[in-house]
Amino acid sequence: MANFLRKLWEARLIENYNEVSVLNLMTTAPSEMTAEAVVFNKMGAGTINDYEGTVNWEDVDTSDVTMLFDFKKYFAAKVGDIEAAQTNVELIDNFAVKQSAEMSERVDAYAYAKFAAGAGSKIADKTISAAEDV
């Protein structure tokens, strides 16, 4: 009996999701991701100095902004013959294209609603868990 090859399916789903979602074009990539949250690391600005032959290095502060996931979706599908499915690249790709498009549509719509709810607001160094926290 063949085993389910998670990395095979996951790679195809992620690649296809990234092809159809436009969120990565509108957002900053997080510095850390977990199942519960994403963490963005912000860097403070340095001082612009006049150059007079030497460089004075200064420490720059960083701070984390954590965004908790309050939106969770999943899909699950049974496959009768996992070995046959995993050796059929076209089958895997067709599945990945359909599932990624559906997931992208839902996730993107959710993110756009969050953007609209927080329009005009500035995010301070805090944990964000809902639109009203923005």
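Predicted model: local features only at pLDDT ≥ 70, side-chain atom pairs only at ≥ 80, totals over all residues.

Biologist: Where is Met103 found?

Modeller: Met103 sits in helix H4. Helices (H or I, at least four residues) and strands (E, at least two) are DSSP runs, numbered from the N terminus. The protein has four helices and four strands, and along the sequence they follow the pattern α-α-β-β-β-α-α-β.

Biologist: Which residues is Met103 in contact with, leaving aside neighbours within four places in sequence?

Modeller: Contact means heavy atoms within 4.5 Å. By that rule, Met103 is in contact with Tyr17, Lys73, Tyr74 and Phe75, once neighbours within four places in sequence are left aside. The C-alpha atoms of Met103 and Val20 are separated by 9.7 Å, and these two residues are 83 apart along the chain.

Biologist: What does Ser100 touch, not counting residues up to four places away in sequence?

Modeller: Ser100 is also a helix H4 residue, and Ser100 is buried at 3% relative accessible area. Not counting residues up to four places away in sequence, Ser100 touches Leu13, Asn16, Tyr17 and Val20.

Biologist: How do the axes of H1 and H4 cross?

Modeller: Axes are lines fitted to C-alpha atoms, for helices over the stretch in contact, and angles run from 0 to 180 degrees between N-to-C directions. The axes of helix H1 (residues 6–20) and H4 come within 8 Å and cross at roughly 50°. That makes H1 oblique to H4; angles under 35 degrees count as roughly parallel, over 145 as roughly antiparallel, 65 to 115 as roughly perpendicular and the rest as oblique.

Biologist: Which residues of H1 and H4 meet?

Modeller: Among them are Leu8, Trp9 and Leu13 in H1, and Ile92, Phe95 and Val107 in H4. By class, the contact of H1 with H4 has twelve nonpolar, four polar and three charged residues. Ala, Val, Leu, Ile, Met, Phe, Trp, Tyr, Cys and Pro count as nonpolar, Asp, Glu, Lys and Arg as charged, and the others, Gly among them, as polar.

Biologist: How is a pair of aromatic rings described?

Modeller: A pair of aromatic rings is described by the distance of the centres and the angle of the planes. Rings of Phe, Tyr and Trp (its six-membered ring) pair if their centres lie within 6.5 Å; planes under 30 degrees apart count as stacked, over 60 as edge-to-face and the rest as tilted. By this rule there are four aromatic pairs. The ring centres of Phe4 and Trp9 are 6.2 Å apart and their planes are at 20°, so the pair is stacked. Phe4 is exposed, at 52% relative accessible area, whereas Trp9 is buried, at 9%.

Biologist: What kind of pair do Phe75 and Phe95 form?

Modeller: Phe75 and Phe95 are edge-to-face, with 6.0 Å centre to centre and 70° between the planes. Phe4, Trp9, Phe75 and Phe95 form one aromatic cluster.

How values were computed:
Residues numbered from 1 in each chain as written. Heavy atoms only, no water. Buried < 20%, exposed > 50% of the residue type's maximum accessible area, 1.4 Å probe, protein only.
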